[in-house]
Amino acid sequence: AALFPESESASEVVIGVLDTGVWPESKSFADTGLGPIPSSWKGACESGTNFTSANCNKKLIGAKYFAKGYEAALGAIDETKESRSPRDDDGHGTHTASTAAGSVVEGASLFGYAQGTARGMATRARVAVYKVCWIGGCFSSDILAAMEKAIDDNVNVLSMSLGGGMSDYYRDSVAIGSFAAMEKGILVSCSAGNAGPTPYSLSNVAPWITTVGAGTLDRDFPAFVSLGNGKNFSGVSLYRGSPLPGKMLPFVYAGNASNATNGNLCMMDTLIPEKVAGKIVLCDRGMNARVQKGAVVKAAGGIGMVLSNTATNGEELVADAHLLPATAVGQKSGDAIRDYLFSNPNPTVTILFEGTKVGIEPSPVVAAFSSRGPNSITSEILKPDMIAPGVNILAGWSGAVGPTGLATDTRRVDFNIISGTSMSCPHVSGLAGLLKAAHPDWSPAAIRSALMTTAYTEYKNKQKMQDIATGKPSTPFDHGAGHVDPVSALNPGLVYDLTAEDYLGFLCALNYTEFQIRSLARRNFSCDASKRYRVTDLNYPSFAVNFDSVMGGSNVVKHTRTLTNVGSPGTYKVSVSPETPGVKISVEPQTLSFSQANEKKSYTMTFSGSSQPTGTNVFARLEWSDGKYTVGSPIAISWT
């Protein structure tokens, strides 16, 4: 973090967060050492349930709530159940806002787990909160109204850990609001979604949105399962409370302690108390929330839980602040533990909690839940754009709810550890704020380009980044350009820039009607009938190439790109690696020379494909380098 210049200009940046609101008392929003509110700021703080403008300060400079759509659909907000104000009763919004721009807080932890100094990505940036999500969900009309307000308020970055529709851009309120933000020079960072590892599971894929997937950190919270047969299996847990008795304990499989057909899942009221009382219970993942399963075991008289992944989650371990002594294990361990339970007449077990461990390798790995490409709306735009930390992230929390979010959880915490692309998105929002402070003249596309072309896809030991879902190297459909590298992004050498006109040309290339363009861009724009618009000409920092596997004639795809010099003068040479079976890739010209700042140079990349079976994917990487800077782009080639 010391490498990052937190200059005074960083305190001029405002990050708008659309979410469940904010817990203003969180230390993450303390304004110690911050100067006056930026003069460009036009926003305000709105009063409502348990919230007044006095809850704002020089850190939290804006707070509004948007409920017209919500109330039109579901009736008046019940203020005994949720705050009709910017106050966060859920925790999610406080967590995302403090991740993006939380102030430095020493001695932060969750029950002693992940102890240390908490800091947002842009610790000196200002925060403006727009509450659009309620108990009943987040309504499109409220999201759009909040985005319009944020644009008028003069935010510099919009962070939106929401969305999830798969409708075309002109029908997607997040895409529509983001287009207007982009026109005003505001970068919009969105979650890729938590629907992985299924292919085509992405949301928020418009090219004017920065789409962020999730990876792990090098930190873990190990809790071992120790069986009566002497075997140990590693799991993870954030349980902190009265310990288990220091001896081996009776162990039962939930499926054998229930009359329900899905009794193994530990759903509400499915366990038979006589069969689980005083025992540790093995529950399988699926259907209900992980922490809910523990609550069910506890309610039935069980004294602990082992939570087993199934094929859906594989070896991915997500830590939870369970309500009883519990740990979560991967699928392979779960299968072995289940075998033991089925084969031993008197199975016993205990759980050993190990606290916080750092230096875990390999890291980062792509999270299994992180939504995956290809892009289901425009297959020629590679998404996600990048990944950032999204597993077991410590950040601020609401004082109105426990760390599990369950109504039965009476514990209250200042910080919580949770997982999701909702956590990775604000990391990128905060980094975008820092880049905006360092380079005030950069467009949202230039900032995203800098983050993408400097991202990494291999570890320090040169091994390729792993996907936890497969145990194999991840691909651009999983990690996009790679994992963000904040320090390199500050000085990328060259950027791929884009303007609103470029995006309008992209809509023309999609054969949008004037009505559809008007729905999205909210202006009259006619495509030029004499011009040939191509999606492959959009100046995007990545490449998705689609070949028809049933070949009629030649399979040749051309992409044109333009690079803008934002570094020192230099001559850049191109390289493409590794070899791509079934495709010949040529770049013209092979060198680009830049002598001055903001100079632009173009190149064309030609992909010549031979016939391959449907569903074949080939991946490569393009790099332009002058010896000082390396400007990288992922390439994904698919036969459909």
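What volume does the second largest pocket have? In this predicted model, the volume of the second largest pocket comes to about 1000 Å³. Its lining is made up of 39 residues, and those closest to the centre of the pocket are D90, H92, W397, T404 and G405. Two or more lining residues come from each of the elements β6 (133-134), α6 (290-299), β23 (415-418) and α8 (421-438). Sorted by class, the lining of this pocket holds 15 nonpolar, 14 polar and 10 charged residues. Because domain 1 (8-215 + 363-477) and domain 2 (222-355) both contribute residues to the lining, the second largest pocket lies between them.

According to an unreviewed UniProt entry, the annotation "active site" covers D19, H92 and S422. These residues span 404 residues in sequence, yet no two of their C-alpha atoms are more than 9.8 Å apart, so they gather at one spot. From this set, H92 and S422 belong to the lining of the second largest pocket. As for D19, its place is in strand β1, which runs over residues 14-19.

The unreviewed UniProt entry carries the annotation "domain: PA" for residues 264-337.

A search of the whole structure turns up 2 cavities of 30 Å³ or more. The largest cavity contains about 70 Å³ of space, and its lining consists of M182, I186, L187, V188, P207, W208, I209, T210, P444, A445, R448 and Y503. Both β9 (187-191) and α9 (444-453) supply at least two residues of that lining, and α9 gives the most, with 3 residues. By class, the residues lining the largest cavity divide into 10 nonpolar, 1 polar and 1 charged.

The second largest cavity has a volume of about 50 Å³. It is lined by 13 residues, among which S167, D172, N204, V205 and I377 lie nearest its centre. Here the lining divides into 7 nonpolar, 5 polar and 1 charged residues.

Contacts between charged side chains complete the tour. Side chains of opposite charge can pair when their charged atoms come close. Throughout the whole structure, a search finds 21 salt bridges, and one of them joins the side chains of E148 and R522 at 2.4 Å, N to O. Because E148 lies in helix α3 (residues 140-153) and R522 in the loop between α13 (514-521) and β27 (543-547), this pair ties together parts that are 374 residues apart in sequence.

Notes: Residues are numbered from 1 along each chain as its sequence is written. This is a predicted model: local features need pLDDT of at least 70, side-chain atom pairs count only at pLDDT 80 or more; totals for chains, interfaces and linings use all residues. Side-chain values use heavy atoms; hydrogens and water are left out. UniProt positions are given in the numbering used here, feature names are shortened, and annotations may be inferred rather than shown by experiment. On a 1 Å grid over the protein atoms alone, a cavity is a set of points where a 1.4 Å probe fits but cannot get out, and a pocket is an open set with protein on both sides within 12 Å along at least five of seven lines; lining residues have an atom within 4 Å of a point. Grid points are joined across faces, edges and corners, and a volume is the space filled by probe spheres set on the points. Helices (H or I, at least four residues) and strands (E, at least two) are DSSP runs, numbered from the N terminus. Ala, Val, Leu, Ile, Met, Phe, Trp, Tyr, Cys and Pro count as nonpolar, Asp, Glu, Lys and Arg as charged, and the others, Gly among them, as polar. Domain bounds come from an automatic or database domain assignment. A salt bridge is a side-chain nitrogen of Lys or Arg within 4 Å of a carboxyl oxygen of Asp or Glu.
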